[in-house]
Structure formats: C-alpha cells, structure tokens
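Here are my notes from going through this one. Have the sequence and the 3D view open while you read.

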Amino acid sequence: MGKYVLKRLLLIFPVLIGITLITFAIIHLTPGGYTSVNMQMNIKVSPDSVARLKTLYGLDKPLHTQYLDWVSRVLRFDFGTSFIDQRPVMDKIYERLPATLLLNLISLVLIFIVGIGIGVASAVKNGGTFDKVMSVITFIGYSLPSFWLALLLMILFGVVLRWLPVSGMVSLGFDYMSPMQKIGDLILHLILPVFVTAFGGLAYISRYVKSSMVETLSQYYIKAAYAKGMPEKTVIYKSALKNSLLPVITLLGLSLPGLIGGSFIFETIFSWPGMGRLAYESALSFDYPVIMGVATIAAFLTLLGNLIADIAYALVDPRIRYR
Amino acid sequence: MKNIIEIQNLTVEYKIKEGLVHALTGVELHIQKGEAIAIVGESGCGKSTLASALINLVALNAVKSGTVKINDMEILSAGKKVLENIRGKEIGIIFQEAGAALNPVFTVKEQIEETITAHFGKLEKPELEKRGLALLEETGLNDRERIYKAYPHQLSGGQQQRVMIAIALSCNPEILIADEPTTALDVTVQAQIMALLKKLKKDRNLTLILITHDLHLAVDMAQRIVVMYAGEIVEEGKISQEKDAMHPYSRALFELIPDINAEARDFKIIPGEVPDMTTKENKCRFFGRCATAKPKCGTMHPEYEKVKEGHAVRCFYPVKD
Amino acid sequence: MNKRTLAGLLGVGILVLAALFAPVLTPYAPNTQSVVERLTAPSVKHILGTDELGRDVLSRMLYGGRVSMSVGIIAVLIATFIGLLVGALAGYYGGVMDNIIMRTVDIILTIPTLFVILMLVVFLGPSITNIMIIIGLTSWPDIARIIRAEVMSIKKAPYIDATRVLGLPKKMIIAKHIMPNALGPVFVYMIFGVSGAILTESGLSFLGLGVQPPAASWGNILSSGKDYIETGWWLTAFPGLAIFLAVFSYNLLGEGLRDFFNPKLSR
C-alpha cells in the first residue's frame, strides 16, 4: 500500500514536467507566438505589455534558461499580470476558482450517483425494458451537442416557462438577501448548468457501470454466493456491487479532463463566473498570460483529481491495499 | 435406509444459437443419507451441470424437466425462498477453483459470517466470530486469527480451498458437494484436502458427492461410483478396481490412471472426442470411441439396465471378465 | 450487418452527399443578404427560414455541413496518421521506446484537451484549416494506444515470425503484415473520432473561436441564433438538430462496426 502510494506520488513529477513542457512548447513554437505580426497588430496589446511578457518569459535568453525560469515561476504560481487590467493572473484565477469547483464538484457527484444507479439497474435486468430505454437515452446523450442542449433548456425554462434563471451565479439583489434566500438563489442558478454539465458524463458513466456490473454478475464467486444460499438482493447489492464499483473510482479521475475542459463552453453559455469563462474572455482579448495560467492550473487540478482517485482506489481495493 | 436425494428423469438443456445443448438426459440417481458417492467423467460430460441442478442453480438459458428431491422436497419447481433455505443449509458446495469462488473484495470473516447470518439470522458478534474460528479449526487451518481477517488473495491455494470448505459447512448441511475440489491445487495439497474431506465426512456423517474426472480419487473416496458420458449416466455401482467396471467407457477411464509402478509414465488418452451435444442420434453416445463396439451400437441407443444388485450399465455388451 | 449499422451508414451517406453537392442543392447563395427578408420564419420560399441578415438558412446549413464533414474527416485523418506512426513504433519496438512513448501519451491524456485547443486557437488564429490541424494534433493518443495494443498482439502471431525468418526488413514487416490487421479497430475509432471532431468544431464555432463568419458552419449559425431566441427559433433548432443527427449517425455507424469487428462486445 505505502509502496503503491509512493510510486503514484513519484509519477507526478514526470507528468508535471510534461505539462509544463507542452505549455511551454505551445508558447514558443507556434507561429502566432509573442513576437509575431498577429500580436503586434492587436491593438489591445500595448507594446509595453509585450515588453513585459518578454521579460517574464525571458525571451532574450537561451531556450533552456527560459524554460527553467518559467517553471520556477509557475511553481510559485506566478503567471505574470493580465494584459487587460494589469492585475496578477493568479489573483484573477483565485477569484474564479470557487465557482468552477462548485459547479464541477456538484456535477461530478450527480454524475456518479445517478450514473451508478442507472448502470446497476440496467445490469440487473439486462435486456429488460428499463435497460432498453436507458440504452437509447444514453446513446442520444452521447450524441447530443451539450451547448445545444444548454440553449434548448435555456429557452424552455428561462424564456418560455420563466422558471429558472439562465445566466450568472446569483441574482442582482443577492447582497440584500437573507442567508436562506441566498442559498435558494444559488441553487436556482445552479440547476441548468449542473444538469448540462452532468448530462454527457452521465451517459458515459452509466454505460460503464452497466458493463462492469454485467461482467461481475457472470463471475464464479457470484455463483458461489447463490450456492451458499445468499438472498438475491444481498448478492447483487453487496457481493457484486462492491466489485463492480471499484473500477469506477479510477474513472472518476479519468473523467476530470473532459469535465474541466468542457467547463469553458458551459460557463460561457451560462455566464458562469468561473475559470472556464475567464479563459474564454481572455482568449477573445488575446490576454495570453491569463490563458496560459488557466490552462496550467486546469492541468494541475486534473492531475490532483487523478491522484486522489488513484489513492482512493488503493484504499478501497484490498488487492492493492494489502499486497 | 432413507434416500436423502432422489433424482428422476432429470433433463437439462441449454438454448444456444446453434440449437439445444443436451447437458443432461434422463438422469436417475438415488443417494442415501451418509453415503459417499463419486460422479466421474471427462469435462463436458454433464457432471457439473448435475451438481448445479441439485441446488437448482443452472444458467438462465437452461430448460429443466424431471424431478430432484432433497429430503422429499422437490426443488426444480421450488420458489426462491425455499431454494435459499436449501442452498448452504442443507447442501453445501465446494467449487473447483476456490480462488475464483471467493469474493476478492471481502474478508474471510465477512464471507463466513454473511453465510451464517443468511441462514440463522443476526447473531451476537462474539458468537459469530467464535463459530467462524471454530470452522477454520475444523478445516485444519493454523494461524486462524490472521486468516480470518485476511482477503482471499492473501491466502495460498490450499488455504483458500479450506476456507471454501469452512464456508460450505458453516450452516451444518447434511449434504456436501465437492466439484473437482483439488483440480487447481498441486499434488501434496491435493492429498491433504482429500484427507480433510474424508475426515469431515466421518466426523459430521455427511452425505458426500464428489465430482471428479479422476477415477483414482473417486475410488479412494466413494463407496459407489457413477460414471457419466455425454450427459447420461452410463454406469453406476460399487467399483473399486478396473475389473469391477462393466462399461467400456469406465474401463477406458481406468486406463487413464497412470500406473505408479510402471517405468515409463505414459499418459494414455481415450481416442476421439465427446460427441456433439447438440445432436441426439439414435446410437450409443460412446460409439466411435468405443474399442469393443459392434454394429448394433451404431443403430440403437442402449437403455440403462440393471445387471446385478446395486449395479446398472447403459451398454448392449457389458464387459465381464 | 445489423440495422444500426445500416441506419448509421444511411445517415452518414446523406450527410456526405449533401456536403458534396451543396452548390447544386442550395436554392440560394449562402452569403447573399437581403434586408427585406431578415429573420423570416420557415416558408415555401425559404424552407428553413432566413437569418438576421436575410440569408437563406438551408443554403447556409448545407455549406455548413461541408465545413463540419471536412473538418471532421481531415482532423481524424491527421490524428490517425500520427497515432498510427506513434502506436506502431511503441508496439513494434517495445522496451524503452514503448515506455517513453506511452508515458508521454498518459501525460497528454491528463491535460484537458479543450484548454489546449483553446490555447492553440488563440495562438494560431481561428480558421477552418487551423481547426482541422488543432483537433487532429490533440486527438491522436487514443488511436496510438489502440494501434500499440494491436501491434503487440499481432507481433506474437506465428505468421509474423515466419516473415522474419524469410529475412524481410523490419519496416516492411510492420507495413505489410501488422497494419492491415490493426486497421479494423482503428477504423471504428476513426468513425467515433469524426463525430467527436464535429462536436468540437461546432462547439468552438459556437463560441466564436472556430469557423469565422461570413463562412457558414452549424456552430456559428447556432451562435447567431442564440441572440434571437424569442424571434427566430429556427436559427437555434435546425443547426442544432443537424449537429445532433450528424454525430448520432457517425456514432451509430461506429457502434455497428465495432460489433462487426469484435462480436464479443455485442450483446
């Protein structure tokens, strides 16, 4: 167990180096880089900012020095200052991080609870009506462009029915509300973004859980459990469930890049004041330092999520815990 | 003596794409309380299906007919509750590969105790643990405290099989089915497990049904041998050596036992293969592999007939010498 | 071949034909504006209505389909080329080479792809060509994994040993014998890849980071439609439906083919 965790922790370093190398490569090797015409023509970027960026990335020094300087800054979370309002990039990200985490964590919990429920129910009655209906719905869920779904839901619940707010995280008069009203307001604003964020993942997880459960139910030890006279419910919801849910934990880690990556689309559509929207706004105004900062932080978050998932897996799977 | 198990005209067929697999056809078998019998045959002959049918745990695509009575209780048509009561409590079963039959993510303790709880209701924790540890002792395990808290992957193959036996016996069944209990183990451990089964049979006065492909083991353990071929019983009786066997197939199985005294340990095989189980032709199933077959064997299917008291054979020309 | 595959094939076939023959099929030029016909609802004259500049939506969607199909297909071809190369190298040579390549792939898979795409779009500028290249450059790792696994399993097959004995050069062995065997699963993945690429492209265009107006794409029609939710529902409904049906068809085809190449997985 200790050995496994240690090995897993050590594996972070090559990945970290990989992430920084890729980000660095994008900055330096793409034809549209800092010194290009593209950039000089952009009126939003003053010559002054370009000069500061050059110093930040040490563009006049040799490549490996540039890289090491940059990495040492990244490790201190120093991504420089924004071109637009000259504030430190990290301050801007800190402001936006809670909103993104809130949205993604709630979605993640929802995806797993509902996805596992659907998957298990489909597997238990494999080929039954529920399974058939669900496999059609999840297949549609796979193919539905989530931003279109978001638009349709906004039209239905926001414009036609006027039940739910369609943009932002809180209402205008939020500051004057009582604590209970504040929570209610936040929940109302969360419903649509959470639903849309969770939808695609739900299809994926429920399919995975189903196949994992079907596989487990065909195992020898399930037959053995029936043979010793265990009631069907115990066999399915105790003996089989634990076995088929273990691999789902690692899936939790694997689903993070998609979730965090997708956040810039959903946050933009719903004007959700998170990191994804920050990246989008910065992209439109060519605010390079902010984009780089957000991308790097997003990669770190993913890495962290993966790490937590792997360690959690080791903790609950006895075959790894006691080796 | 009372029959604890009565099987009459048991037929099990599996529906598959290619048609029907006749896994068991017209099986008749009576087993007395306290008896030790062995069911012998090559793999695919239907002996494992027979074991599953005894607790009505055959695959979902199976079609069953006939009757199986355990202590006068008909179980092929029994409901879920009745079956749950019989399984584990009246019939314990040990599987071929203990490694695969034990749930990998629960401890030995959990797996023994859940069985006891399923049949006797919730007991006090110390009482449960006492019973569990006593079972481990009965199955000859040392280092019981560690093993009790261990997960299956932390145990050796022999230990896993002993744990499996402990689980099978945890609710004091009268009948114990051992389905190839030693196949996955190495030779020395095999002998230990067989000795343990013998001892348990005696101590608990169990009705033991040993399922094996190894006639040598069968003869060593059981008073009565049942030989199966292609889903049918072909011979049944007190067989302790080759000349007791009257069906050519049983004889051939004896030939497979390597002679320990022989200098060259050549393993013989029966030529040919078990016939296609999806067809039911009007001839002896062993026709084509049988060394002493005559023309009649190829045109008629032999009935199962009594040749002397306690001995029946399905063969037109039983071997007598 | 099952019903799903046929339905998928039919859908994909219609889409590809519609894209190929867009100039013939379109009743109007995609960029012709008309001040008097701004935001008119679907009618006999304009079957799918007109947009905020009075352009015919059907015509724009047919041309948009061209964009989506070509971005999807070319991006996947780029990804496949890289994936084949990388996966074959890792699988065939094994050892250190394999380790380095596959760890790199692991790293790339932990990075949220959409952020990388976002960075690249910003640096390279949004254009159809760049979108194709960027999606291609970011979606090869899965293909590399499949190829590697296939190559590793096929490498052990007896007939490969036979070719070695004959003294054929290594590269020829890979190209002539391993590749044809590995192509089945890769082809399935390519089909799924096209649907993924269509989704990414339309998402980017929807956000204004993909295909730039006046060129039409399903994503950017949808994007302009979101400003006219109350007055021009057809601008939201049809392009979204088109994206959905395209992705759906490719997914159907992909699933059908997967069952065809690997019957074990099908129920």
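Predicted model: local features only at pLDDT ≥ 70, side-chain atom pairs only at ≥ 80, totals over all residues.

1. Of the 267 residues in chain C, 47% are buried. If you take the contacts in chain C with a separation of 6 or more, 69% of them join residues 24 or more positions apart.

2. Now for the A/C contact. On one side there are 38 residues of chain A, on the other 33 residues of chain C. In chain A, the elements giving two or more residues to that side are α2 (12-29), α7 (129-143), α8 (146-160), α12 (256-269), α13 (275-284) and α14 (288-316). The chain A side that touches chain C is made up of 27 nonpolar and 11 polar residues, with no charged ones.

3. Chain B has an open sheet of 8 strands with mixed pairing, in the order β6-β7-β8-β3-β9-β10-β12-β11. β6 (91-94) and β11 (305-308) of chain B are the edges: each has a single partner strand, so one side of each lacks a neighbour in the sheet. On average, neighbouring strands are turned by 25 degrees against each other, direction ignored.

4. β11(B) pairs with β12 (residues 311-313) of chain B in the antiparallel sense, over 3 bridges. There, Glu305(B) sits opposite Val313(B) of β12(B).

5. Last one: which strands does helix α10 (residues 248-256) of chain B lie across? They are β3 (36-40), β9 (224-229) and β10 (232-237) of chain B, and α10 of chain B runs at about 105 degrees to β9(B).

Conventions:
Residues numbered from 1 in each chain as written. Chains lettered and ligands numbered in written order. Contact = placed C-beta atoms within 7 Å. Helix = DSSP H or I, 4+ residues; strand = E, 2+ residues; numbered from the N terminus. Nonpolar A, V, L, I, M, F, W, Y, C, P; charged D, E, K, R; others polar. Buried ≥ 20, exposed ≤ 12 C-beta atoms within 10 Å, placed from the backbone. Pairing = 2+ DSSP bridges. Axes fitted to C-alpha atoms, helices over the stretch in contact; angles between N-to-C directions.
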